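Subject: Structure handover

Hello,

Here is the structure you asked about. Please keep it open while you read the notes below.

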Amino acid sequence: MTAGTWLLLLAVALLVLWQLTRALPPARAVGCWLAGLGAVVAGTLLLESRAREDAARRPDAVDVESVSSDTCVKCHESHHASWHRTYHRTMTREATQETVKGDFNDATYTYLGVPTRLTREGDRFFMETADFMWKSRTPPDRPDGFDPARVPRRRFPVARLVGSHWFQEYMTRDDQGRYFRLPVSYHIVEKRWVHTNGAFLGPDTTDFWDKSTIWNETCVFCHNTRVTKAPQPPSRRGAPPGYRTEVAELGISCEACHGPGAEHVRVNSNPARRYATRAAGAGDPTIVNPRRLPVEAADQICAHCHGALVPRPEAWDRRTVADPYLAGQNLLGSYSFFWSEAEQALLARGRRDEAGKRPPPAPDDGRFWGDGTPLTTAVEYQGMALSACYENGKGRLSCLTCHSGHADDPNFMLKPNTQTNEACYQCHEGYRGRLAEHTHHAADSPGSLCYNCHMPYQVYSLLTTHRSHRIQIPRVRDSVGTGKPHACNLCHLDRSLGWTQEQLGKWYGTPPGPLPDEDRGTASSVVQLCRDDGRTRAVVAGAFSWPAAQQASGRDWPGAVLPHLLGRETYPAVRYLLHRGLRSLHGDDANPYDHLAAPIRRAESLKAVRDRLAACCRPAPARYPDLPLTPAGGVDEAALENLLKRRRDPDVSIHE
Amino acid sequence: MSDDLTTLRARLARRHHLVGWLGLLIFLTLGATLEALHGFKAGFYLDSDRKLRREMWTLAHAHGTLLALVNVAFAAGLPSLGRWTTSRLRVASFFLIDAAVLMPLGFFLGGVGPGETDPSAGVLLVPAGALLLFVAVGLTVESALRSRE
């Protein structure tokens, strides 16, 4: 108890005693004073002992019983309100009129020639499409007998949905308790239906259910709070195994970050306890406040879902498969981090000794670039942990330096001021006065925003690009042979990696390194869109709709070059991003084009787009020395073909 | 009725009269201030995370005004109504004035630097004041009942 609180209580007690005893005879007054003061001392000692007892309790001694956010709101109204605005809350929900964002008003979406009908009956939503696991082996634009009308169809009731920010995916439940992701999702950003084959990064496929997953198996752990997977044996011979999956709450709610709350609610129903805890000033040990934890433990709460993890089998109950991790505990007690998918495979097979050697990411790694930098979302923790600023969790930097689960910004959950250089000035104050001197860009230009060089858009997921969380000096050597586009060339799309190397050498004295021939003189964006794999192409394609890149690179040449590359692109997601870039530059002149339409339809619409853009886009070759342009301002198709022949195109898919 | 009690009644009536009107002045001023905070959209009073402060200060205004009126009413009836003894009248009078100070003050202090879940510790004055008010009202009721005998 603080001295202030104690003095206040004492003053109140003295006042009451004084008033009471004024009207009493002296003998009774003395008795009253003694009894009153005794009560004050006893009360103080009792509150102190309760506070000491609570403070001595360890967080992992907390009862693991959960409550829901409906209970938390009764006391924590403002924190509940700020969480309520987040996409954390709406990550997984039951399908209702309020939660469904897709157009279910008898809409039809056709992919691979198979029409999917989206309908509703009152509060119930249905997706009628190709039956479970039906695979269309024959693309519908081939004249070899494929008949979409003969595809077996089924009407799936929509039970639950995942996502509310970029995409909304729909799940149907079978009688074994399994929730299947249905093959058509709603792209909230574009307000249109898309097939999941085009929503996730992967090459064109004719497998209608290629991206089918069972929610209970994987998605459930990060998209909900306190999960018990509860696999069940088959109900009958030949039937698939089922689930009785339980979650404390759908979506990411209070207890995901603050730990189970039942004990906290129970003890804090006593007001004296609340005031004693507050007066003690050491926090409430019955609940986790990430801000009061050491940096490493606080960041592990985020890493539980924003880190690449493999469960440690010895920590898990094989029967219930309940996630043993509670916020505030040591995450490494129940999971191991992996830093490449090769390491993930070894850990999953129990080969810890080999995994300990940290095999580097393979060229088709779906989570990490060749230099170890994460290339997709939900691995942000590893990005930060690889940063020199992080100092292995022993420094000042943590997830909570920039983010808050209760921030006003629901998009990226950034704290106020952290969208600007103020975020970095928290530690690097010295750059405030000499920004332009350091960046060699105007102080008020995108080139002087710390994020653009040190946390560039090198991460792909959800049909867009995101900032890398590896805070890094942009060295050219980290982008040679690793697949990772260079920060400078994600803005200066018209310049080569050789040009970047020269500039960095001039400005910062960085010694030049060896570069492949094509990287020396040809615009890095064009080289990578022709030559590199789908992961790199996606990130580079995403940069074309970034206003800062358009300003730095010129707006007249992508309309000439990109349609050629769009016609040769085999990844629907990359086609979407290239077309998004064209739309952002040329509006309706770049329409119509559907990245998921049949190849014949795409070719027809692309030809029309190319013709329209050819009329307006005649870039001057002298202005763009690194671009493959003819003297007349057209595209040097032979040069592009030359680059396309060198394409390294392993089938890659990003595990978003 | 003894002269002492008559004198005491008159003296305490003047005191309650003064306390009541003074209280009304203070708490009407507080009410006008709260209105002004609404008018000027003062963030420290109106922001969504200041709900507890708003509630506490509104309660301070309401309780202060009401208890001031109770004091005025007590002063008006004291010279002629109720059957009192000197000691009971003193206790009732002291407690009524204390309650009129402690309860609104407790609510007001409760709204200064409140936590998210609870008002600040100043709110502990409220139950103390409520206890005193309860005793004062009880004694007044008793005096009123005895005056019928």
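Arg154(A) is partly exposed because its relative accessibility is 39%, where partly exposed lies between buried (under 20% relative accessible area) and exposed (over 50%), with a 1.4 Å probe and protein chains only. Its salt-bridge partner is Asp131(A), and the closest N and O atoms of the two are 3.5 Å apart. A salt bridge here is a side-chain nitrogen of Lys or Arg within 4 Å of a carboxyl oxygen of Asp or Glu. Asp131(A) is partly exposed too, at 21% relative accessible area. The pair joins distant parts of the chain: Arg154(A) is in strand β5 of chain A, Asp131(A) is in the loop between β4 and β5 (153-157), and 23 residues separate them. Helices (H or I, at least four residues) and strands (E, at least two) are DSSP runs, numbered from the N terminus. In general, side chains of opposite charge can pair when their charged atoms come close.

Before going on, some notes on the basis. This is a predicted model, in which local features need pLDDT of at least 70 and side-chain atom pairs count only at pLDDT 80 or more, while totals for chains, interfaces and linings use all residues. Residues are numbered from 1 along each chain as its sequence is written, chains are lettered from A and ligands numbered from 1 in the order in which they are written, and side-chain values use heavy atoms, with hydrogens and water left out.

Other salt bridges

Over all chains, the rule gives 38 salt bridges. In one of them, Arg367(A) and Glu341(A) meet through their side chains at 3.2 Å, N to O. This pair also links distant parts of the chain, 26 residues apart: Arg367(A) is in the loop between α12 (352-355) and α13 (380-386) of chain A, and Glu341(A) is in helix α11 (residues 341-348). Arg367(A) counts as buried because its relative accessible area is 17%. Glu341(A) is buried as well, at 17% relative accessibility.

Arg531(A) and Asp532(A) form another salt bridge, with their closest N and O atoms 2.8 Å apart. Both of these residues are buried. They belong to a network of salt bridges that also takes in Glu518(A), Asp519(A), Arg646(A) and Arg648(A).

Thr129(A) lies in strand β4 (residues 124-130). Its relative accessibility is 0%, so Thr129(A) counts as buried. Leaving out residues up to four places away in sequence, Thr129(A) touches Pro115(A), Thr116(A), Pro152(A), Arg153(A), Arg154(A), Phe156(A), Pro183(A) and Phe208(A). Contact means heavy atoms within 4.5 Å.

Asn197(A) is in helix α5 (residues 196-199) of chain A. Asn197(A) is buried because its relative accessibility is 0%. With residues up to four places away in sequence again left out, its contacts include Thr205(A), Phe208(A), Lys211(A) and Pro572(A). The side chain of Asn197(A) also makes a polar contact with that of Tyr111(A), at 3.2 Å. A polar contact is a pair of N or O atoms within 3.5 Å; within protein, one must be able to donate a hydrogen and the other to accept it, and residues adjacent in sequence count only if both atoms are side-chain atoms.

Chain B

Chain B has five helices and zero strands. Its C-alpha trace spans about 55 × 25 × 20 Å along the principal axes. Of the 149 residues in chain B, 44% are buried. Among its contacts between residues at least 6 apart in sequence, 73% join residues at least 24 apart.

Where the chains meet

Nine residue pairs, both at pLDDT 80 or more, are in polar contact across the interface.

Regards
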